[in-house]
2 protein chains.
Amino acid sequence: MSGIYFDDLHIGQRFVTPGMTISAAQILDFARQYDPQPFHIDAEAAGRTEFGGLIASGFHTLSLSFSLFFRLNVFAAANLGSPGMEEIRWLKPLRPGDTIHAAAEVVALKPSQSKPDRGIVTMRHDTFNQDGALILTVTCLHRLKRRDT
Amino acid sequence: MSGIYFDDLHIGQRFVTPGMTISAAQILDFARQYDPQPFHIDAEAAGRTEFGGLIASGFHTLSLSFSLFFRLNVFAAANLGSPGMEEIRWLKPLRPGDTIHAAAEVVALKPSQSKPDRGIVTMRHDTFNQDGALILTVTCLHRLKRRDT
């Protein structure tokens with residue numbers, strides 16, 4: 001078997017993604033479908049809010065951050081999906097033209113008691129903008145296959 | 001002022017959305033952009049996984065659920081964005097052709113100590129499929145304007 005499995009991970013292991021620059025068009029496209037609030041879909045109205053201009057939907061920032069992580073393909077062979085997430089914090093807005101990247105760190109590893117072919121890895125996923133500011137943090141559980149099963 | 005503000009809410013208050021039917025095309029479109037894992041982007045490969053077929057990205061289910069809630073426009077006048085979410089649980093997959101709806105219930109109300117013009121409402125957001133099965137649950141904080149400020 002190639003790729004990373006549950007047994008190949010250790011606490012403190014860290015994965016860092018490349019950057020991605022987000023355009024106003026992408027922000028508007030996502031928000032019109034999923035989060036049609038004035039500060040996400042209308043630059044002029046957004047300018048009159050305390051955000052001072054257009055900001056991405058938090059669900060967009062979250063999806064973009066995980067898209068960067070999944071495109072690393074570290075879990076390509078082993079991923080069985082996620083049961084859930086904890087402590088999502090949107091700390092700063094994502095604005096048009098921002099370049100974001102993400103870092104994911106292993107914080108816990110728990111083999112399944114009931115299913116010996118898998119385990120749950122808990123990871124902290126942090127998203128940063130071009131100034132190095134942390135804009136989003138979330139703890140995500142990932143269900144991963146074990147080796148040799 | 002029209003619409004609902006922080007002061008108009010009470011614990012136990014519940015908002016229920018209309019339904020929305022999700023197609024395979026929508027699932028593929030979202031997943032190819034944000035969550036390109038085999039069980040989200042490739043029906044044939046998905047059929048060989050324990051999911052037994054294509055399932056929506058959890059980030060898609062989450063975004064769809066909140067899109068249904070935001071389209072109720074209950075927070076249209078008062079919403080100042082969300083600081084975060086807790087306890088996201090993906091309990092069952094969202095599959096092509098499923099019709100989902102969401103229900104949101106007020107679980108806590110906390111006026112801001114530092115900013116008298118606003119408060120934080122904690123809401124539990126549940127998403128159900130056409131069989132009435134709970135497929136997603138999450139607790140979300142919403143920052144809302146107060147009346148008369």
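A nonpolar core is taken here as a set of buried Ala, Val, Leu, Ile, Met, Phe, Trp, Tyr and Cys residues joined through side-chain atoms within 4.5 Å. In this predicted model, the largest such core holds 79 residues, and those touching the most other members are A:Leu62, A:Met85, A:Ile88, B:Leu62, B:Met85 and B:Ile88. The surroundings of A:Met85 include residues of both chains: with residues up to four places away in sequence left out, A:Met85 touches A:Leu62, A:Phe66, A:Val138, A:Thr139 and A:Cys140, along with B:Phe59, B:Glu87, B:Ile88, B:Arg89 and B:Trp90.

Chain A contains 4 helices and 6 strands, which follow one another along the sequence as β-β-α-α-α-α-β-β-β-β. The C-alpha trace of chain A spans about 55 × 25 × 25 Å along its principal axes. Chain A has 149 residues, of which 50% count as buried. Among the contacts in chain A with a separation of 6 or more, 69% come from residues 24 or more positions apart.

Contacts between helices of the two chains were examined next. Helix α4 (residues 58-70) of chain A and helix α4 (residues 58-70) of chain B have axes that come within 10 Å and cross at roughly 170 degrees. Angles over 145 degrees count as roughly antiparallel, and α4(A) and α4(B) are therefore roughly antiparallel to each other. On the α4(A) side the contact is made by A:Phe59, A:Leu62, A:Ser63, A:Phe66 and A:Phe70, and on the α4(B) side by B:Phe59, B:Leu62, B:Ser63, B:Phe66 and B:Phe70. Sorted by class, the residues of this contact comprise 8 nonpolar, 2 polar and no charged ones. An α-helix has 3.6 residues a turn, so residues three or four places apart point the same way.

Helix α4(A) also packs with α1(B), at an angle of about 65 degrees and with the axes 8 Å apart. Here A:His60, A:Ser63, A:Leu64, A:Phe66, A:Ser67 and A:Phe70 of α4(A) meet B:Phe30, B:Gln33 and B:Tyr34 of α1(B). The class count for the contact of α4(A) with α1(B) is 5 nonpolar, 4 polar and no charged residues.

In α1(A), the residues A:Ile27, A:Leu28, A:Phe30, A:Ala31 and A:Tyr34 are buried. The buried residues of α1(A) pack against α2 (38-41) and α4 of chain A, and also against α1 and α4 of chain B.

Over all chains, a search of the whole structure gives 19 aromatic pairs. One of these is formed by A:Phe30 and B:Tyr34, with an edge-to-face geometry of 5.8 Å centre to centre and 90 degrees between the planes. A:Phe30 lies in helix α1 (residues 24-34) of chain A and B:Tyr34 in helix α1 (residues 24-34) of chain B, so this pair joins two chains. Both A:Phe30 and B:Tyr34 are buried. For B:Phe69 and B:Phe70, the ring centres are 5.8 Å apart and the planes lie at 55 degrees, so the pair is tilted. B:Phe69 and B:Phe70 are likewise buried.

B:Thr17 occupies the loop between β1 (14-16) and β2 (20-21) of chain B. Its relative accessibility is 7%, so B:Thr17 counts as buried. Apart from residues up to four places away in sequence, B:Thr17 touches B:Leu68, B:Phe69, B:Leu72, B:His101 and B:Ala102.

Strand β3 (residues 84-90) of chain A includes A:Glu86, which is partly exposed at a relative accessible area of 21%. Beyond the neighbours within four places in sequence, A:Glu86 is in contact with A:Val138, A:Thr139, B:Glu86, B:Glu87 and B:Arg89. The C-alpha atoms of A:Glu86 and A:Thr137 are separated by 9.7 Å, the two residues being 51 residues apart along the chain.

A:Glu87 also lies in strand β3 of chain A. Although A:Glu87 is not a glycine, its phi is positive, at about 50 degrees. A:Glu87 is partly exposed, with a relative accessible area of 47%. In chain B, B:Glu87 is placed in strand β3 (residues 84-90). The phi of B:Glu87 is near 50 degrees, again a positive value in a residue other than glycine, and B:Glu87 is partly exposed with a relative accessible area of 47%.

Note on methods:
Residues are numbered from 1 along each chain as its sequence is written. Chains are lettered from A and ligands numbered from 1 in the order in which they are written. This is a predicted model: local features need pLDDT of at least 70, side-chain atom pairs count only at pLDDT 80 or more; totals for chains, interfaces and linings use all residues. Side-chain values use heavy atoms; hydrogens and water are left out. Rings of Phe, Tyr and Trp (its six-membered ring) pair if their centres lie within 6.5 Å; planes under 30 degrees apart count as stacked, over 60 as edge-to-face and the rest as tilted. Buried means under 20% relative accessible area, exposed over 50%, partly exposed in between (1.4 Å probe, protein chains only). Axes are lines fitted to C-alpha atoms, for helices over the stretch in contact, and angles run from 0 to 180 degrees between N-to-C directions. Angles under 35 degrees count as roughly parallel, over 145 as roughly antiparallel, 65 to 115 as roughly perpendicular and the rest as oblique. Contact means heavy atoms within 4.5 Å. Ala, Val, Leu, Ile, Met, Phe, Trp, Tyr, Cys and Pro count as nonpolar, Asp, Glu, Lys and Arg as charged, and the others, Gly among them, as polar.
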